[in-house]
Amino acid sequence: MMSLPVSPKYSVGPLILALCAIVAFFLEPLSGEWLAYDRFAIQGLETWRLLSGNIVHTNGYHLLLNLSGLTLLWALHGEHYRIGRFLKVFVWCSLGTSAGLYLFSEDLIWYAGLSGALHGIFVWGALMDIMNKMRSGWILLGGVALKVIYEQVSGSSAQVAALIDAKVAIDSHLFGALSGLIIFTLMWLTAKKR
């Protein structure tokens, strides 16, 4: 049976991310106005929104859903979450999600939330499990792939949209997952060259 990664070196990264999201939530509506992904603001060179849009949320339910997801990911593969590595993966998954939205989802004007980056971290963690010979990584990777495909075919959940008071940006899940795959591959190739 797997034990939870309770060592501070494995939990500080997710705690920093959770704290940033909580602080941003309590600074609403100002944080949403200045930090959310906004296509027109990004075109006006407010490029920080490519990263910060992943930290703000539409409401308390949205924040709690994403913090629950972050906690679950930490429980699943927190042993891979050394502080610097976790924050690097989060930043690149966030940027990959936002870049994907900007380049390929031109109809999406506004976006907020961790879910895209969390999908990337999920894929990265599942691949780390596979690399470390954990069979459960294959199940997790298959599960997230099926979820993303299902969303792309069937659309978003109306219940979740009502709960978070916004349309679920399913493309963010796709681009986040692809970002996690790309980041893992680049990290693996870099480590292999050493």
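These legends accompany close-up views of a predicted model.

**View 1. Helix H7 packs against helix H10.** H7 spans residues 115–131, and H10 spans residues 170–193. The two helices meet at an angle of about 40°. Their axes lie 7 Å apart. The crossing of H7 past H10 is right-handed.

**View 2. Residues at the contact of H7 with H10.** On the H7 side are Ser115, Gly116, His119, Gly120, Val123, Trp124, Leu127, Met128 and Met131. They meet H10 residues Ser172, His173, Gly176, Ala177, Gly180, Leu181, Ile183, Phe184, Met187 and Trp188. Eleven residues of this contact are nonpolar and eight are polar. No charged residue takes part.

**View 3. The largest nonpolar core.** This core has 35 residues. Leu70, Tyr81, Phe90, Ile121 and Trp124 make the most contacts inside it. Six elements are listed here as giving two or more residues to the core: helix H1 (8–26), helix H5 (60–77), helix H6 (83–104), H7, helix H8 (136–154) and H10. H7 gives the most, with ten residues.

**View 4. Surroundings of leucine 70.** Neighbours within four places in sequence are left aside here.

**View 5. A separate core of seven residues.**

**View 6. The salt bridge of glutamate 46 with arginine 49.** The structure holds two salt bridges, and this view shows the one that joins the side chains of glutamate 46 and arginine 49. The N to O distance is 2.7 Å. Glutamate 46 has 21% relative accessibility, so it counts as partly exposed. Arginine 49 has 4% relative accessibility and therefore counts as buried.

**View 7. The salt bridge of glutamate 151 with lysine 147.** The closest N and O atoms of this pair are 2.6 Å apart. Glutamate 151 and lysine 147 are separated by about one helical turn, because they are four residues apart in helix H8. Glutamate 151 is buried, with a relative accessible area of 10%. Lysine 147 counts as partly exposed, at 34% relative accessibility.

How values were computed. Residues numbered from 1 in each chain as written. Predicted model: local features only at pLDDT ≥ 70, side-chain atom pairs only at ≥ 80, totals over all residues. Heavy atoms only, no water. Axes fitted to C-alpha atoms, helices over the stretch in contact; angles between N-to-C directions. Left-handed = near helix turned anticlockwise from the far one by under 90°. Contact = heavy atoms within 4.5 Å. Nonpolar A, V, L, I, M, F, W, Y, C, P; charged D, E, K, R; others polar. Core = buried A, V, L, I, M, F, W, Y, C linked by side-chain atoms within 4.5 Å. Buried < 20%, exposed > 50% of the residue type's maximum accessible area, 1.4 Å probe, protein only. Salt bridge = Lys/Arg side-chain N within 4 Å of Asp/Glu carboxyl O.
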